[in-house]
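Let's take a walk through this structure together, going from one contact to the next. Have your viewer ready and follow along.

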Amino acid sequence: MRQKFVGFFPIYFIGVFFALVLNMGASHLSYGQSAPQQLKRDFNIAAQPLSKALLDFGAQANLSLLVRKKDTDGKKSERLSGRMYPNEALRKLLTHMQLGFNYIDSKTISVSPDLFKLQDTPSPEQTSDALSSSEDSEEDDPIATVDEVVVTSLRRRSNMQKVPVAVSVIKPPLIRETRIHNLEDVGTRIPGLTIASFSIGQPTIHMRGVGSNDDGAALDNSIVMFIDDVYVGRISAISMNFHDLERIEVIRGPQGTLYGKNAIGGAINVTSNPPSEQLTGELEATLGNYNRIDMRAMISGPLIEDKLLARLAFHSRKRNGWQKNSFLPSIKQNDENTLSSRGKLLFTVNDHMQIDLNGDYSRDDLESKGRIPVVGRVPVRLLGPDGLPTGQTSLPTDILSDLGGDVRNAINSDRGFTDRTIWGVSSRISRQGDYGQLLSITAFRKTDFSWLEDSTGLPSSVTDQKVNSNVDEQHTQFSQEFRWISPDENRLKYVLGLYYLFEHTHRVEHFVFPTLESSTDQDNKTNSFAAFGEATYGLTDRINLTLGARLTYETKKLDQQNISQGDRIILVEDFTLQNKGNWTDFSPNFVLSWQQSDDLMWYASLSRGYKSGGFQGAPSTLNLASRTIDPESVWNYEIGYKSQWFNDRFRLNVVGFHSNYRDLQVVQFKTEGNFGVFQTSNAASASLEGLEVEFTLKPLSGVEFFGSYAYLNATYGKFSDQSGRDFTGNTLRQAPRHSLYLALYYERPFYWGRLRFRADYRYQGKSFREPDNTVTIQPAFDLIDASLAYESADDFWEATLWAKNLADKEYITHLYVLGGNDYALFGTPRTYGLTVTLNF
């Protein structure tokens, strides 16, 4: 690990030096910037504490505000409603508050008592002068405070520093400038979260060492995702294309007392951008290496003034593959070809009721991912020119080497593909009153997933001991949630909910051998019912007690059939079977939080998590197919500390946890000969403990350092698999002991606009891919990304130079064992490009 850090720090400090050079240049070149023309906007801000009112103002005005918490403590704003200039609206909010404001740049306003004046603040027509004077004084009185981060993970808009839960937030600037397009891009930026994909329809998502690896039709995910409050149930749909997002929140640890669907390991909460009250739009184009051409467009605004708002977004990503193929010279593997769109309608019925209608669609049409043999232990049979066995054998890694193959030159002779279509619609009906907020969320989602890959990555002309995996899956789900949220002002705050989910998954998996083909067909129907709730009571002004609980009842009916066609290797027996199961669970949650001061909060929590049982995927025998996989449960103990220091220039959040799992669901591919069989078992117990640290530092205006570190010790307390092998004391799969994320952001006026520089470093430690820790070990890796953006003063256009995997590292993203040999999928090499964005 030390070698990784030694290699990183020179590059990191080069970035710092570059930022300082820009700082010197900017101080001489930046003062020609003029203010953007301000437009009137519709504001609707309730009477509430001033700190929350300013958050709402920033969201509605599309501006960032820098304000110290001590300057807003104990102050309450009056209701603000109407169409006006942002300056006028802010002046009204600050009436009688002894606070003034000034522009730091075209998108950022400083609010402070030092800026308070008895005379009126500048009118919109004077904004240009105000901006010029603010730039002149920026060196004298910079206000460098970390931004307030708003989260909705606890079903209320809250300051992240005030919620007693381990939550991380990724906001639009980071999403856009680091090109976060899917879950894999998120994984290495969140402490404790690792994501490895066998394909985009079969990701393995682990948080704090716990995840799901059985992709059968009748088993659930340990880590779940919500898109605009709608549960995304199936693993084939969870790794979707991210675009037009307001934020991504990742909540670590068991979740169930606030969410419709329970999550035993954690939840990823994705929120898309809402429609705007003014006509706005974006056009964006990206050109990059590997013939990358990306397009993005968005338009938003009112269809009926004060009644109906709409938003429509479109995103296309396309580039050639970076991996050549010696046996398929016309094909470039590991490409991108994704099309997605999202539409939203927001209908305001009256002052108390709103209706949101949402729809999304995405299509992926991809070439093979190109498996590469990386560790050879068991030799495979060789064929002669006549296609018959020669009597000789060779390791897969030696075959790769002898044929001139490597990471960027695959040797699979069978062409793979991925074809996936996802779409969904949902409605959200909200009614606000003295009783709080009543919500009804209704959703329907559908996924069609078809996929074929050569699992060994070896040519058919060289060996016949190989297999292709071909999956056809259709998934539909319907969900209904009712939620009651109490008013924010009450001493007793609560959230109560009822939830229903229906899922239908039909999955057919074919194992294609050179002469024969076997298949397993699973058709599962799930019905899930739940009642959940959580209440927080203020014992004192600074101490809160939270109690929550969830009652779940779930049924599954699985019809399955195996057809081996006489090739009894992965599927050993033929059978037809129907399985039924039902499970009931009660999971409580307890939290005690202490707001030691305005800047320091401590909390301790005890929560129980639960994942229902089911039936394993691709069972080789009738005995394995007949077995019921028991539910898994966990008791999670957590102590957290959230703080801000040095006048809000430094934020430090630390959480320590200990989790005791029972009946952890573990899938293995047990080697038998040159192939093997799937086995899913319940580990009797597992123990997880760790420490997670997140920080943000703003030493100067425009300079920000942030990042995270996670330490994890995750071991099986007691586990013997179906074959009697004992893995007690071994480390859980996909549970690296160390992971690190560091980032630098620098922003400065430059000529007639603003310059932004961003660089980040990501490190993920060594991890194991099997309960047997002596084989299939994924090496540690580290990555560096960077971007340099210039934004015009009027916010009309922006150009960004970006690079991912700047050091062009070869690294493994997914590793698996087949027939005793290890095969890998490798990450994308260095990519770079230019993105130009137009705003109107």
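Predicted model: local features only at pLDDT ≥ 70, side-chain atom pairs only at ≥ 80, totals over all residues.

Gln734 is found in the loop between strand E39 (703-718) and strand E40 (738-750). Is Gln734 buried or exposed? With a relative accessibility of 3%, Gln734 counts as buried, because buried means under 20%. Its surroundings come from other parts of the sequence: leaving aside neighbours within four places, Gln734 is in contact with Thr194, Ile195, Ala196, Thr204, Ile205, His206 and Gly209, and also with Ser767, Phe768 and Arg769.

Now for the charged pairs. Side chains of opposite charge can pair when their charged atoms come close. How many salt bridges does the structure hold? The count is 54. One of them joins Glu336 to Arg317, with the closest N and O atoms 2.7 Å apart. Glu336 lies in strand E22 (residues 336-348) and Arg317 in strand E20 (residues 308-319), so this pair ties together parts that are 19 residues apart in sequence. Both partners are hidden from the surface by the accessibility criterion: Glu336 is buried at a relative accessible area of 17%, and Arg317 is buried at 6%.

Next, turn to Lys466, which takes part in a salt bridge with Asp414 (3.0 Å, N to O). Asp414 lies in the loop between strand E27 (409-410) and strand E28 (417-433), while Lys466 lies in the loop between strand E29 (436-454) and strand E30 (468-485), so the pair ties together parts that are 52 residues apart in sequence. Lys466 also forms a salt bridge with Asp454, and here the closest N and O atoms are 3.0 Å apart. This pair links distant parts of the chain, with Asp454 in strand E29 and Lys466 in the loop between E29 and E30, 12 residues apart. Asp414, in contrast, counts as partly exposed at 23% relative accessibility.

Salt bridges can also be followed through a group of residues here: Arg176, Glu177, Arg756, Arg758, Glu791 and Glu798 are linked in a network.

Two packed helices are described by the angle between their axes and the distance between the axes. The axes of helix H2 (residues 50-61) and helix H3 (residues 86-93) come within 11 Å and cross at roughly 175°. That makes H2 roughly antiparallel to H3, because angles over 145 degrees count as such. Which residues meet there? From H2 come Leu50, Ala53, Leu54, Phe57 and Ala61, and they meet Pro86, Ala89, Leu90 and Leu93 in H3. The residues of this contact divide into nine nonpolar, no polar and no charged.

Our last stop is Ala297, placed in strand E19 (residues 292-304). At 25% relative accessibility, Ala297 counts as partly exposed. Not counting residues up to four places away in sequence, Ala297 touches Glu282, Leu283, Leu312, Ala313 and Phe314.

Note on methods:
Residues numbered from 1 in each chain as written. Heavy atoms only, no water. Axes fitted to C-alpha atoms, helices over the stretch in contact; angles between N-to-C directions. Helix = DSSP H or I, 4+ residues; strand = E, 2+ residues; numbered from the N terminus. Parallel < 35°, antiparallel > 145°, perpendicular 65-115°, else oblique. Contact = heavy atoms within 4.5 Å. Nonpolar A, V, L, I, M, F, W, Y, C, P; charged D, E, K, R; others polar. Buried < 20%, exposed > 50% of the residue type's maximum accessible area, 1.4 Å probe, protein only. Salt bridge = Lys/Arg side-chain N within 4 Å of Asp/Glu carboxyl O.
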